[in-house]
Amino acid sequence: MSEAMDFKVIGTRPIRPDGVDKVTGRASFGADFSLPGMLEGAVLRSPHAHARIKSINTDKALAAPGVKAVVTGADFPQVAAGAIEGGEGGGDFADLAGNVIARGKVRYHGHAVAAVAAQSRAQALAALALIEVEYEPLPAVLSLDAALAESAPLIDEGLMTSGLPEPAAAPSNLASVIEMGNGDLEAGFAEAALIIERRYQTPTVHQGYIEPHACVGRWGQDDQAMLWCCTQGAFDVRSMTAKVLGQPVGSLKVIPSEIGGGFGGKTTVYLEPLALQLSKKSGRPVRMVMTREEVFRATGPASAATIDLRMGFSSDGKITAAEAIMAYEAGAFPGSPVGPGTMCVFAPYRIANFRIKGMDVLVNKPKAAAYRAPGAPQALFATESAMDEAAQKLGIDPIELRLRNAVEEGDSAIYGPKFGPIGLRACLEAAAAHPHYTKAKDAGVGRGVAVGFWFNVGLQSSAEVHINEDGTVTVIEGNPDIGGSRASMALMAAETLGVPYESVRVVVADTETAGFSNVTGGSRVTFATGMAVVEASKDIIAQCCSRAASLWSTDEDMVEWRDGAVHPRPGVNVEATPLSLKDLAGQAGRMGGPLLGKASLNARGAGPGFSVNLCDALVDQETGQVQVKAFTAIQDAGKAIHPSYVEGQLQGGAVQGIGWALNEEYVYSPDGIMENAGFLDYRIPVASDLPMIETQIIEVPNPGHPYGVRGVGETPIVAPLAAVANAVSASAGVRMTELPLSPPRVLEALDQA
Amino acid sequence: MKVHVQTEVNGEAVEFLCDPTTTLLEVLRDNLGLRGSKEGCGTGDCGACSVELDGALACSCLILAAETQGRSVATIEGVATPEALHPLQSHLLKSAGLQCGVCTPGIVVAAKHLLEQDPNPTEEAVRYFLAGNLCRCTGYDKIIRAVLDAAAEMRGEAA
Ligand code: FES
Ligand code: FES
């Protein structure tokens, strides 16, 4: 196991292979690609949050200068319902298609109604204004309460709630219900010396990647199509776009560009099917790029949630019972991450008696998309706020309270499986000993603690390792590099092959060049694709051993791979100098051809990720403004392949979580129009808002990975919401239960206290 | 009516035709093929399109291309020399001060401008100066460290 491993390059911090391209401006992102003869596309979006489309007339737009094609919902096939596999958000193909372009009804302000391709963007925009759409406005449903009310307007008239014990009697905005439980809830509460019972609320927020969605689509007369786009998963774009267009998967080639952030929000399609349909009609390549406003209005926000939580504690701080009723906004189509939310809400703790109910609720907002540990930040915000309050009321140190309830290896997770080696206890102990925790607080500062959890996933990955004739190495894989994963792949290949890191180049290839790989998401790439790279490298080693054995006229089991070369096994009587990768690659033409290693796998054994965050915050009693004074993120990475990029994940997730806790929220007008669709008014954290984010990487190796890796990318955003809220509550002297903790909300709480 | 503009970009004379409403960012990217400047917002809020215009730091999405007539523009493409990266670029790489990298060109241009004004900024000064450059990936920590390290190296101190 990796604990005993003596790594040569893993754990070092080399410069990423794509680094120079990215600091010089040479790297090509979604909007940077162009083709000769390319048209510019633009989308007409719904001005209503909820309306029936009575008619669409595109004649004038089609006749406008420069316009080459116009498409509406009528140009797309009806897509049958069917589950989307392997995407991070999951969901259904019919809903995906309905979100790409409206048919019959618009379900949110910004929903795509038509699209135009013209010779210039200005011409395309001018033509949009000439499309005549007759709407019959309907009342908009903008909150969970409104959506679940008795006579609520129906967003989808045919939606019958799934997951109920009895089939639903009538359609509603409740898409599905999930329930799970164990033990005797009321007996557990009867035993409790303290019960914390509260409603916790989190707002609609956006992933906020800096690069807007962009693509170029080109359709050929032979019905073969190509798409260049920024995405977290070219293969997912291929399957989703093919489905929306009613085309076979093999007719579409997707070439991923560099990607300017995604955080889950680029695991689905919006523009891609439109660009291809416009290209098909016009016979020209079509580029489509969203504005920032479109990104806010029409792409993946993360679900707002309301969680009614009840937790019972014995006087010595053991959880005796816990109940969570969790409602998540799905947006205008089913598919909020309430499912993973219910699985995460109590996951860090041993709880004998519990009941969890999750509800996926339609509202007239954009269809929710995955956002980093989808569903977990909302859930743990509730639990970790309650844990903090319990610690306070019981007079127990908040870390100690968590240690008394923390799950360990061998415990059954609340959502089913038994935990293998996990790092929750190690993270808590590290937090308790951390200088951030042991040093005295400054006057007025509140200190918050919170635990984070995410499952991490495995899924399917492929990799090829090519040995060039001079022994240098090319790795080919299919997962867009969103945060330095090329470096991790190169480190794992170099470690396995025993070659210098610098001799390995990593190529993120298109859907016709790389073997199939699921999306860059679920914190799976370093784990699963990394495993494929290691396996493919081992395939090379096996071929080298076999070639050396035949060269030395001995058996394969008489040789071994050591320090980047084939050696005769110790004690084997063969006169031979060791053969390195370079030696064997140089002789490939005489020995069986090029050295090409391959692996494809369905990775099992993704190790769950746990974290602990510490936050010091100061509330300005006059203005309600919150300042984060210090923040420490501690997380189990299994094994940090490139520690700098692991730290970067911890820091970036912490800051996104701080934004979610303090500033970020979709602000809606009463008729369902987002009023802050720009970075000026939807304020993500900026450099001057923040202190340095301290990190500590814990390494409890994951036995499911050859080098002990567990996913790290998503867990970091889970704990900050409660860590910040707990710190603010302590500084303000009032328990804060609704995010964001913006100055007006904090002031109001201070006034009422 | 198109406007004929003659200007200088990264020390080279260029000329182009554009609409009076076209932004400098559009011209850089579409007419001149300099796509290192990115559009994150188009409204002056993210800094991904940062350039220098006559030595002043500016958001190229807010500048009309026609305004650059007879002036001089510096973009990310002009920061490194053929032989070497700028210290800011190498320190961003060394410190892992980028994840997706889409904010990076703007950060390099803005931070370079800062260090030219103030070769020895405090952490706070760097944070305030870069407050107009949004990064959603890194939490800024490693970016700030890279800028401070680059400044130290440029002052001739061991970074
Ligand atoms: S694109 Fe110019 S500031 Fe955002
Ligand atoms: S590195 Fe992705 S936005 Fe800064």
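## Polar contacts between the chains

A polar contact is a pair of N or O atoms within 3.5 Å; within protein, one atom must be able to donate a hydrogen and the other to accept it. In this predicted model, 23 residue pairs, both at pLDDT 80 or more, are in polar contact across the interface of chain A and chain B. The elements α1 (19-24), α18 (643-662) and β28 (693-698) of chain A each supply at least two residues of the side that touches chain B. Of these, α18(A) gives the most, with 9 residues. The residues on this side of chain A comprise 25 nonpolar, 18 polar and 9 charged.

## Extent of the interface

In total, 52 residues of chain A are in contact with 44 residues of chain B. The two chains, A and B, bury about 3,900 Å² between them, with 58% of that area on carbon and sulfur atoms. Val23(A), Ile210(A) and Met692(A) supply 19% of the area that chain A buries against chain B, more than any other three residues.

The rule also finds 5 salt bridges across the interface of chain A and chain B. A salt bridge joins the side chains of Asp32(A) and Lys38(B), at 2.4 Å from N to O.

## The two domains of chain B

The domain assignment divides chain B into domain 1 (3-78) and domain 2 (87-154). Their centres, taken over C-alpha atoms, are separated by 22 Å. Each domain of chain B contributes 14 residues to the contact.

Between them, domain 1 and domain 2 of chain B bury about 990 Å², of which carbon and sulfur atoms give 62%. On the side of domain 1, Glu52(B), Leu57(B) and Ile76(B) lose the most area to domain 2, together 45% of what that side buries. The count of salt bridges between these domains of chain B is 0, whereas 5 residue pairs, both at pLDDT 80 or more, are in polar contact.

Technical notes:
Residues are numbered from 1 along each chain as its sequence is written. Chains are lettered from A and ligands numbered from 1 in the order in which they are written. This is a predicted model: local features need pLDDT of at least 70, side-chain atom pairs count only at pLDDT 80 or more; totals for chains, interfaces and linings use all residues. Side-chain values use heavy atoms; hydrogens and water are left out. Contact means heavy atoms within 4.5 Å. Buried area is the accessible area (1.4 Å probe) that two parts lose on being put together, summed over both. A salt bridge is a side-chain nitrogen of Lys or Arg within 4 Å of a carboxyl oxygen of Asp or Glu. A polar contact is a pair of N or O atoms within 3.5 Å; within protein, one must be able to donate a hydrogen and the other to accept it, and residues adjacent in sequence count only if both atoms are side-chain atoms. Helices (H or I, at least four residues) and strands (E, at least two) are DSSP runs, numbered from the N terminus. Ala, Val, Leu, Ile, Met, Phe, Trp, Tyr, Cys and Pro count as nonpolar, Asp, Glu, Lys and Arg as charged, and the others, Gly among them, as polar. Domain bounds come from an automatic or database domain assignment.
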